[in-house]
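Subject: Structure for you to look at

Hi there,

Here is the structure I promised to pass on, and my notes on what turned up in it follow below. Please have it open while you read.

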Amino acid sequence: MSRLRLAGLVIVLLLVVGIAALFVFGLRVNFGTAEPDYEALAAPASHYDVEIIRDKFGVPHLYGQRDADVVFGLAYAQAEDDWATMQEIVVAARGNLAQQRGADAAVTDYLVHLLRVWPTTNAGYPDLPQNIREIAEAYAHGTNLWASENPDEVWDGVLPVTGEDVIAGFVFKTPFFYGLDGVFKELFEETRSKEISLGPDNAFLWTETPKYPIGSNAFAVAPSRSTDGHTRLLVNSHQPFAGPVAWYEARLKSEEGLDIAGGVFPGAPVILHGHNRNLGWANTVNKPDLADVYVLDVNPDNPNQYRLDGAWRDMDVSVATIKVKLFGPLEWHAQRDVKYSEHGPVLETEHGVYAVRYAGMGETRQLVQYHSLNRANNLEEWMDAMRLQALPSINYVYGDKDGNIAYIYNAQMPKRIDGWDWQKYLPGDRSELIWTEYHEFDALPQLINPPSGFVFNANNTPFEATDEANDLRPENFPVTMGVETQMTNRGYRGLELLRPDTQISAEEFKEYKFDKTYSKDSELAKLIEMWLAEDFSGEPDMEAAQRLLADFDMSADMDDTNAAVAVLAGEPVVWAQIQGTPMPDTIQSLRDTVAHLMEHWGRLDVPWGEVNRIRRGDVDLPLGGGPDLLRAVYARLPQEDGRLVAQGGDTMIYIADWAPDGSLKSESIHQFGSATLDETSPHYADQSPLYATEQFREIPWGRDALEAEATRTYKPGQ
């Protein structure tokens, strides 16, 4: 390698990491690790007895005596369907992703050290309840068994996966759901304006913006609000279609108490949201103010000291080594100091030294709470699980067979002192500003069985969650909680549908879920008014666009010939709102849309489904819906043929329906199918046609019904 080329590689790497002056680099040759003892890795399988029954759509139903047996089977089944993502999550949580993915992952690895993922995990793991450690280890053993049977698919150094790896995955990922990565982005704004992506093509990499949004819809209707006395729950998370936070569907059934269906992310041993026979819950992302930034006064004579309460304090300093893959066996080893103050992790930038304190610091009990939610059988048990407060954020919408419904604005809300603007940076020299406790669970915004008979959230403020007379009031919660107050189009539209309808039928429940209309209060409605007010005289194509906009009924149905102009032109603005980035030139956005449609179709009145597609294997189908609709479809990048291909939005959708006698009907749909990566599998895209036509499949809860349609039954390791 020439010196010039080597210097170029160093410069590129320094620019990616963004904190070049503090890194020391060294070229190394990676000779690999010793070959794992595959027989030893497979040996723990003999301690588990689980039966995997794949239904007609290939979804795994796991049956076992113990919870640990079922979890072992879940890991094995998921490895069969999505091993590549599972191992990437393990490596990312270890802080070793750059060794596999190169320089783009270097900052992610550094954050693992900065957030003390492994000191936190190692300190907290021994204190977890024994049954939780057994579950984490069972998941690791199922993962290792599949890997031992498929060694050619495994990256060097991944094995063995451990129970600690499972917990570390929760420790690392959960703070990013409320936007902690945005805090770090802001601090490096002068030199870096990037965030961690959770999209399928660049998972965990530090990219310009997240590729796809993380949103969600959820609503529950009590017997008093339904035409037939049923309780209904919608579980409708909006995620990327593939990658580390894409839903994988499973059913868990043990004799110890697990009997639940729903979604997991790769690396999660239990259902994250879904329902059991008695109750269920849906999650939506919330973003309260859960992180604070402190400006440190650093000792000019000692960069490892900061002032606190009038005295210099020593920072806790360690060294992180980040191994970055170049090509072949060559890699760079970069070392950087990792500093901590009493506030939290310290970041040194060109414009100052900052410390960050955030919800979830030091927390390792996430799996404890999720397992308790999975095992709950009634509202009281479920609320007890919520009171564990191990999860730093995420809304919960709940329903059960007894007719109870609830909405919980869940968060580890810091107890902050009054008199300060906590939305701004804070002085780092006052210890009274370093909060150490969270508000109690019962102090959080929540609605339990409101008289209105329904609860709703679509990533909007918790103060707009049901009928206005029963809504929570902002004045009843401290300003220092930082509860969000914004609305989404989905929030506006959902309430426009639900509030007037005092008796909601089963058919209407589904219609509301798949509603494709932009609210009169939406940003798109305001944009259309502005576009219609513009003078495009002498520009025939722009005048034609105005005529289509004037006739647009605000609904993105697949057959609508007015929707393409409106939705495509409005999408960059909606996207900027979601991401919190500067608004684009709205007139130019309309011009770009007109040019795009004329280039690829030669006309503007193109049916929306001709533009908006789902593609998977041989499947290529039209879709209705679009950005920030209740029928959420996100497709950022046009293909060569001009069409947009859905990459995120509506993913795994569940409807749990309890009759007055407590009997359950469970329906679901997935955007692709259970075979996440196997293009040769019949389940690679077998649910996509149902997804495109907005149809559900009924989940076989009874064993006889399941066995009647089973496509495969087997026991891992036997």
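Let's begin with an open sheet of 10 strands, in the order β23-β21-β20-β11-β10-β9-β8-β3-β2-β32 and with mixed pairing. Its edges are β23 (446-448) and β32 (712-714); each has a single partner strand, so one side of each is left without a neighbour in the sheet. From one strand to the next, the twist averages 15 degrees. Do keep in mind that this is a predicted model.

Strand β9 (residues 259-264) runs antiparallel to β10, and four bridges join the two. On the β11 side, β10 pairs with strand β11 (residues 279-284), again in the antiparallel sense, over two bridges. A hairpin of two residues links β10 to β11. Gly274 is a handy landmark here: it stands opposite Gly262, and its bridge partner in β11 is Trp281.

Helix α10 (residues 366-375) and helix α11 (residues 379-386) pack at an angle of about 175 degrees, and their axes are 9 Å apart. That makes α10 roughly antiparallel to α11. Which residues meet there? From α10 come Gln369, Ser372, Leu373 and Arg375, and from α11 come Glu381, Trp382, Ala385 and Met386. Sorted by class, this contact has four nonpolar, two polar and two charged residues.

Leaving aside residues up to four places away in sequence, Trp382 touches Leu279, Trp281, Leu373, Ala376, Tyr396, Tyr398 and Ile408. In the largest nonpolar core, which has 138 residues, Trp382 is also among those that touch the most other members, together with Leu180, Val356 and Tyr396. Helix α3 (residues 67-94) gives this core its largest share, 15 residues. There is a second, separate core of 34 residues, and its members include Leu524, Ala525, Leu548 and Val594. As a general point, nonpolar side chains in soluble globular proteins tend to be buried together.

Helix α5 (residues 106-114) is mostly covered, as eight of its nine residues are buried. Among them are Ala106, Asp109, Tyr110 and Leu114. After α5 comes Arg116, which has a positive phi, near 55 degrees.

The other item is an open sheet of three strands, in the order β13-β14-β15 with antiparallel pairing. Here β13 (298-299) and β15 (311-314) are the edges, each with a single partner strand, so one side of each is left without a neighbour in the sheet. Two bridges join β13 to strand β14 (residues 302-308) in the antiparallel sense, and Asn302 in β14 is the bridge partner of Asn299.

How values were computed: Residues numbered from 1 in each chain as written. Predicted model: local features only at pLDDT ≥ 70, side-chain atom pairs only at ≥ 80, totals over all residues. Heavy atoms only, no water. Axes fitted to C-alpha atoms, helices over the stretch in contact; angles between N-to-C directions. Parallel < 35°, antiparallel > 145°, perpendicular 65-115°, else oblique. Contact = heavy atoms within 4.5 Å. Nonpolar A, V, L, I, M, F, W, Y, C, P; charged D, E, K, R; others polar. Pairing = 2+ DSSP bridges. Buried < 20%, exposed > 50% of the residue type's maximum accessible area, 1.4 Å probe, protein only. Core = buried A, V, L, I, M, F, W, Y, C linked by side-chain atoms within 4.5 Å.
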